[in-house]
Amino acid sequence: LGASDIREEGKWNWVTGPEGAAGGCVYASGKSSCNIQTETGLPFGEGSGASFVPATDPSTGKDMYRNWENDEPNDFRGPCPGSCATDGEDYGHFLWPSGEWNDYPGDHERIDGYICEWGGGGEMCVDVD
């Protein structure tokens with residue numbers, strides 16, 4: 001999905017593509033990668049579950065699109081096929097086949113692939129290792 005709240009729980013930012021480049025995560029700056037723990041892009045939104053509030057699109061002044069599954073994002077901390085119990089969930093991803101969004105840890109075993117934005121500047125993919 002290209003969004004994460006790893007810097008501060010509940011504060012989601014873009015970390016890939018042109019929106020992520022706004023915070024310095026861009027190959028053109030001479031970096032080979034960016035540190036999403038310290039660098040972020042444009043705001044994506046804040047909160048969790050039903051209280052999630054999308055960021056305002058700076059070009060239109062309207063709320064950004066959102067498509068979270070019910071009660072997401074929730075930073076689940078418990079047993080899961082990944083590091084939920086110790087690290088929580090900090091990376092947005094798409095659920096198949098609904099296309100709704102969920103938050104998962106970066107090492108969740110149910111993540112089968114990635115969609116990478118190509119062109120327009122910014123990091124094309126984020127390595128969560």
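How much accessible surface does the protein have, and what share of that surface belongs to carbon and sulfur atoms? The accessible surface comes to about 7600 Å², and 50% of it belongs to carbon and sulfur atoms, where accessible areas come from the Shrake-Rupley method with a 1.4 Å probe and, for residues, only the protein chains shown count as cover.

Before going on, please keep in mind that this is a predicted model, in which local features need pLDDT of at least 70 and side-chain atom pairs count only at pLDDT 80 or more, while totals for chains, interfaces and linings use all residues. Residues are numbered from 1 along each chain as its sequence is written, and side-chain values use heavy atoms, with hydrogens and water left out.

Let me start with the overall layout. The protein has 2 helices and 6 strands, which are DSSP runs numbered from the N terminus (helices are H or I with at least four residues, strands are E with at least two), and along the sequence they follow the pattern β-β-α-β-β-α-β-β. Of the 129 residues, 37% are buried, a word that here stands for under 20% relative accessible area, with exposed being over 50% and partly exposed lying in between (1.4 Å probe, protein chains only). If we take the contacts between residues at least 6 apart in sequence, 51% of them join residues at least 24 apart, a contact being heavy atoms within 4.5 Å.

Now to the aromatic rings. Rings of Phe, Tyr and Trp (its six-membered ring) pair if their centres lie within 6.5 Å, and planes under 30 degrees apart count as stacked, over 60 as edge-to-face and the rest as tilted. By this rule the count comes to 9 aromatic pairs. One of them is Trp14 with Phe44, an edge-to-face pair at 4.6 Å centre to centre with 85° between the planes. This pair links distant parts of the chain, since Trp14 sits in strand β2 (residues 11-14) and Phe44 in strand β3 (residues 43-46), 30 residues apart, and both residues are buried.

Why is the pair of Phe52 and Trp68 called edge-to-face? The ring centres are 5.5 Å apart and the planes stand at 65°, so Phe52 and Trp68 count as edge-to-face. Phe52 is buried at a relative accessible area of 6%, and Trp68 also counts as buried, at 10% relative accessibility. Ring pairs join Trp12, Trp14, Phe44, Phe52, Tyr65, Trp68 and Trp101 into a cluster.

Cys80 is partly exposed, with a relative accessible area of 22%, whereas Cys84 is buried, with 0%.

Finally, I would like to look at the loop between β4 and α2, where we find Asp75, Pro73 and Asp71. Asp75 is buried at a relative accessible area of 13%, while Asp71 is exposed at 58%. Asp71 has a positive phi near 65° although it is a residue other than glycine, and Asp75, which is not a glycine either, has a positive phi of about 50°. The peptide bond from Glu72 to Pro73 is cis, with omega near -5°.
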